[in-house]
Amino acid sequence: MFDVIFYLYRTGKYDNKGLRLLYKYQYYLTGREKLQNPEWGEFIRKMNLLYSE
């Protein structure tokens, strides 16, 4: 799901606020998830590094 959210973000065809909310709903709701998963900005930065050419 991480990849799908990032792909939708990168295409620019979808509302970034909605994608951010989806990310938070899927991966950033509980305290435990917040310890394991990066916040939205860090998620985007790391995915850009991972998928940059």
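Start with helix 1, which spans residues 2–11: Ile5, Phe6 and Leu8 are buried there. These three cover an arc of only 160° around the axis, so they sit on the same side of helix 1. Keep in mind that this is a predicted model. As for what lies over those buried residues, the cover includes helix 2 (16–27) and helix 4.

**Helix 1 against helix 4**

How do the two helices pack? The axes of helix 1 and helix 4 are 11 Å apart, and the packing angle is about 85°. Angles of 65 to 115 degrees count as roughly perpendicular, and therefore helix 1 is roughly perpendicular to helix 4. Sorted by class, the contact between helix 1 and helix 4 has nine nonpolar, one polar and two charged residues. On the helix 1 side you'll find Phe2, Asp3, Ile5, Phe6, Tyr9 and Arg10. Helix 4 brings Trp40, Phe43, Ile44, Met47, Asn48 and Tyr51 to the contact.

Now for the charged side chains. How many salt bridges are there? The count comes to two. Side chains of opposite charge can pair when their charged atoms come close.

| Pair | N to O distance | Spacing in helix 4 |
|---|---|---|
| Arg45 and Glu42 | 2.7 Å | three residues apart |
| Lys46 and Glu42 | 3.9 Å | four residues apart |

Glu42 turns up in both rows, and Glu42, Arg45 and Lys46 are linked in a network of salt bridges. Why does the Lys46 pair still make the list at 3.9 Å? A salt bridge needs the nitrogen within 4 Å of a carboxyl oxygen, so this pair counts.

An α-helix has 3.6 residues a turn, so residues three or four places apart point the same way. Arg45 and Glu42 both lie in helix 4 (residues 40–51), about one turn of the helix apart. Lys46 and Glu42 are likewise separated by about one helical turn.

Arg45 has 43% relative accessibility, so it counts as partly exposed. Lys46 is partly exposed too, with a relative accessible area of 44%. For Glu42 the relative accessible area is 23%, which means partly exposed, as buried would require under 20%.

Technical notes. Residues are numbered from 1 along each chain as its sequence is written. This is a predicted model: local features need pLDDT of at least 70, side-chain atom pairs count only at pLDDT 80 or more; totals for chains, interfaces and linings use all residues. Side-chain values use heavy atoms; hydrogens and water are left out. Buried means under 20% relative accessible area, exposed over 50%, partly exposed in between (1.4 Å probe, protein chains only). The arc is that of the directions from the helix axis to the C-beta atoms. Contact means heavy atoms within 4.5 Å. Axes are lines fitted to C-alpha atoms, for helices over the stretch in contact, and angles run from 0 to 180 degrees between N-to-C directions. Angles under 35 degrees count as roughly parallel, over 145 as roughly antiparallel, 65 to 115 as roughly perpendicular and the rest as oblique. Ala, Val, Leu, Ile, Met, Phe, Trp, Tyr, Cys and Pro count as nonpolar, Asp, Glu, Lys and Arg as charged, and the others, Gly among them, as polar.
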